[in-house]
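Colleague: Can you put the model up? I have some quick questions.

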Amino acid sequence: MVGLVLVSHSARLATGLRELLEPLGGGLVPIATAGGSEDGTADGGLGTSYERIEAAVTAADAGAGVLLLPDLGSSVLTARLVLADLGRDDALLVDAPFVEGGVAAVVAASTGASLAHVAAAAREARTVPKF
């Protein structure tokens, strides 16, 4: 099963999206969050954390690869740095809308789709109209 990592500047935003996605994946898809910075508070301040992203990649790894979905800006940069240091071929950062991409990714992952197919589903969510 492909796992998902939600990388956000806000721990609450990442946790809220995970709360939305977990039932859509039928409880089958590992979803880890990497939100906020390392400022000593429980939620972390606004920002991104190398350590939180690295730990989330490990937590979401169920053996079929890990898809990282960033919210914006430095979450992309920090996730890229983590992936470069890890040197994993089975962890992929995807350019997709955070919420809609997450929904598409978790639904695809819950079917047992490959990492490439889960990433494609997340990317495709950008083109789906809301109404």
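Colleague: Start with Lys130. Buried or exposed?
Modeller: Lys130 counts as exposed, at 70% relative accessibility. The cut-offs are under 20% relative accessible area for buried, over 50% for exposed and partly exposed in between, with a 1.4 Å probe and protein chains only. This is a predicted model, where local features need pLDDT of at least 70 and side-chain atom pairs count only at pLDDT 80 or more, while totals for chains, interfaces and linings use all residues. Residues are numbered from 1 along each chain as its sequence is written, and side-chain values use heavy atoms, without hydrogens and water.

Colleague: Which side chain does Lys130 meet in a salt bridge?
Modeller: That of Glu100, at 2.7 Å, N to O. Lys130 sits in the segment after H5 and Glu100 in helix H4, so the bridge ties parts 30 residues apart in sequence. Glu100 is partly exposed, at 30% relative accessibility. A salt bridge here is a Lys or Arg side-chain nitrogen within 4 Å of an Asp or Glu carboxyl oxygen. Helices (H or I, at least four residues) and strands (E, at least two) are DSSP runs, numbered from the N terminus.

Colleague: How many salt bridges does the structure hold?
Modeller: Five.

Colleague: Which residues are linked in a network of them?
Modeller: Asp61, Arg88 and Asp90. Arg88 bridges Asp61 at 2.8 Å, N to O. That pair links distant parts of the chain, 27 residues apart: Asp61 is in the loop between H2 and E3, and Arg88 in the loop between helix H3 (74–86) and E4. Arg88 also bridges Asp90, again at 2.8 Å, N to O.

Colleague: And how accessible is Arg88?
Modeller: Arg88 is partly exposed, at 23% relative accessibility. Asp61 is partly exposed too, at 33%, and Asp90 comes in at 29%, also partly exposed.

Colleague: Switching to H5. Which of its residues are buried?
Modeller: In helix H5 (residues 115–124), they are Leu115, Val118, Ala119 and Ala122. Down the axis they fall within an arc of 100°, so they line one face of the helix. The arc is taken from the directions from the helix axis to the C-beta atoms.

Colleague: Why does that spacing give one face?
Modeller: An α-helix has 3.6 residues a turn, so residues three or four places apart point the same way.

Colleague: What is exposed on the other side of H5?
Modeller: Ala116, His117 and Glu124.

Colleague: And what covers the buried residues of H5?
Modeller: The cover includes strand E1 (3–8), strand E3 (66–70), strand E4 (91–93) and H4.

Colleague: Different topic. Where is Ser49 found?
Modeller: In the loop between strand E2 (31–35) and helix H2 (50–60). Ser49 counts as buried, at 4% relative accessibility. Its side chain reaches the backbone nitrogen of Arg52 at 3.0 Å.

Colleague: What is Ser49 in contact with, leaving aside neighbours within four places in sequence?
Modeller: Gly36, Ser37, Glu38 and Thr78. Contact means heavy atoms within 4.5 Å.

Colleague: Last one. Which residues form the nonpolar patch on the surface?
Modeller: Leu20, Leu24, Val99 and Val107, with about 300 Å² of accessible area together. Helix H1 (11–24) and helix H4 (98–110) each supply at least two of the patch residues. A patch takes residues with over 30% relative accessible area and no salt bridge, joining like charges within 9 Å and nonpolar side chains (Val, Leu, Ile, Met, Phe, Trp, Tyr) within 5 Å. Areas come from the Shrake-Rupley method with a 1.4 Å probe; for residues, only the protein chains shown count as cover.

Colleague: Where is the place of Leu24?
Modeller: In helix H1. Leu24 counts as partly exposed, at 41% relative accessibility.

Note on methods:
Polar contact = N/O pair within 3.5 Å; in protein donor to acceptor, adjacent residues only side chain to side chain.
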